[in-house]
Amino acid sequence: MTTHATGTNAGDWTTPAEAAKFHTTPSYADTLAYLQRLQQAAPGVIRLQTFGTTPEGRPMTVVIASGDGTFDPAAARKADKPVVLLQAGIHPGEIEGKDAGLMLLRDIAIAHKYPHLLDHLVLVYIPVFSVDGHENSTPYNRINQNGPASMGFRGQSQYLNLNRDYVKADAPEMLAWLKLWQTWLPDFLIDVHTTDGADYQYDLTWYTEDPHKLDPAVSAWQHDAIVDHAMPAYEKRGHLASIYLEFKDGRDPRKGITNFGSGPRFSTGYAALQNRPALLIETHMLKPYGNRVQATIDLVELMLEQINQHPSALLAATAKADANVVVRAHEAQASVPLTFKPDPQPTPFELKGYAFSIMHSDISNSNWIQYDPTQPKTYAIENWNSLLPDLSITPPAAYAIPAQWTAIIDKLDAHGIRYQRLDHALTIHAESYQLDHPKWADKPFEGHLMLRDFSLRTVARDVTLPVGSVIVPLDQRAANVAINLLEPQAPDSLLHWGFLNAIFETKEYGESRVVEKLAREMLAKDPALKTEFEKKLHDDPAFAADSAARLEFFFERSPWYAVQYVGAYPVIRLDPGQRAKLAASPH
């Protein structure tokens, strides 16, 4: 990665990217050196902190910026100041947010271009989230992108994509980020990226979570602040912006746009679980790097201006959302959506794109789209972005997790989920799930072989909870995070990510000679079983031809198999009465 010193002149506040005319972006060391100069020059406005260490041993730096020296979360809350978390470089090849942040902080703290921008809020700024990926820089990391000359790598040093890690929280960087989140509990998140995909006129696209994923108060604030105020002001500065453009067919934009499928594993999806609004910024990869940096500066500054002018509106929305989640725990018929489906009714959308041609390729034996950026053209297309709730559940009053399931409890800790530990063992009769017919993905994803599908039925059974088992009440503001970790059908549940694959494994088996005898005894005693077996032989030729499967049919219906509890989901759902009866000591 090419670096550029900012000069020896103490009064020269040109950023490294500016000095390079945006041909290059600075190394992490040069980025921190510039931020340290800012801190030394404006200690009442800028403070640097280390909030983690990367797998390769680099410090993870966060900048706290405040108009009056409010540098800790307790002071911010006492002063009724919203906290805005701005993060760059989660995908470090998409690094506009870093260079934009340096320029914006300089303009606030040194040039006093925005003298009152931080009067009524605190900015928590991560200049580079994926630091190791940032330093793994080459000219060949992003084939689709127009500069800078050398770009960071999409994954961190363990080849994990941090923007798929928010729920499973495997990466050390994500564990550090979660601690930072819990420390500051931001009111608004801005996550800066560069898009891939089609060519079009817009210099920036943006995304917020669908209203059905948000508390109504958060959704209303988000629409007012972003759609009604920030975006019109952004375009008045000479920019052109659009909602995020995920084309149904990348080879033909005329077929319309759809929702890209955000979920809890993504930054904005995780913020939604935390009852917070979030803005995903995606600058357009084909625009010059300097233009993309300026676009980021302008939109971030406008968002900060909107929040600074109306801090109480954001604070009221997030407080209302937190309170609503707590109240919901006492509603008997509450419903929480786990999955979402496209709204079958599209809306019209005007795409400001370019003329293009589609030709058949003899290389790929498919269509090849080629844009002509000299010919702007507007297309009337359909927008399928809106979502509707699909699968919903009624949450329990609390979850119980036996002490031995440390992988689950560790994730609760990572996410700051409040729970209590039992100080004595007990056996309860309670509701859980029986999971059968598991099917896994064909290849790994983000270091996991994900559980793709399974059947589920609710069962009541006796469960022994050893000393140290945890009770997770849902009358807490982070209840939605707990639900999405622990409900099996949630798309980013610990079960789906493969943390609990062992529950589907049999540890004892029957020798064929023994099961042959067992099968005959079972058939003689149970005419219904004989009918079931003969029907399966008739209806399922693959089963009929598989001698092992035929024996397994009987073993799986025997008490020798039942005591292994294969597919018994270890998380227990407690009703209000059961929760109240459990004597627990605070964690």
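Which side chains meet in a salt bridge with an N to O distance of 3.6 Å? In this predicted model, the pair is Lys536 and Asp540. A salt bridge is defined here as a side-chain nitrogen of Lys or Arg within 4 Å of a carboxyl oxygen of Asp or Glu. Lys536 is partly exposed, with a relative accessible area of 33%, and Asp540 is partly exposed at 25%. Accessibility classes were assigned with a 1.4 Å probe on protein chains only: buried is under 20% relative accessible area, exposed is over 50%, and partly exposed lies in between.

The model is predicted, with local features requiring pLDDT of at least 70 and side-chain atom pairs counted only at pLDDT 80 or more, while totals for chains, interfaces and linings use all residues. Residues are numbered from 1 along each chain as its sequence is written, and side-chain values use heavy atoms, with hydrogens and water left out.

Under the salt-bridge rule, the count is 31. Side chains of opposite charge can pair when their charged atoms come close.

Lys168 takes part in salt bridges with two acidic residues, Asp165 and Asp170. With Asp165, the closest N and O atoms are 2.7 Å apart; with Asp170, the N to O distance is 3.0 Å. Lys168 has a relative accessible area of 0% and is therefore classed as buried. Asp165 is likewise buried, whereas Asp170 counts as partly exposed because its relative accessibility is 27%.

A further group of charged residues forms a network: Glu94, Arg142, Arg154 and Asp196 are linked by salt bridges.
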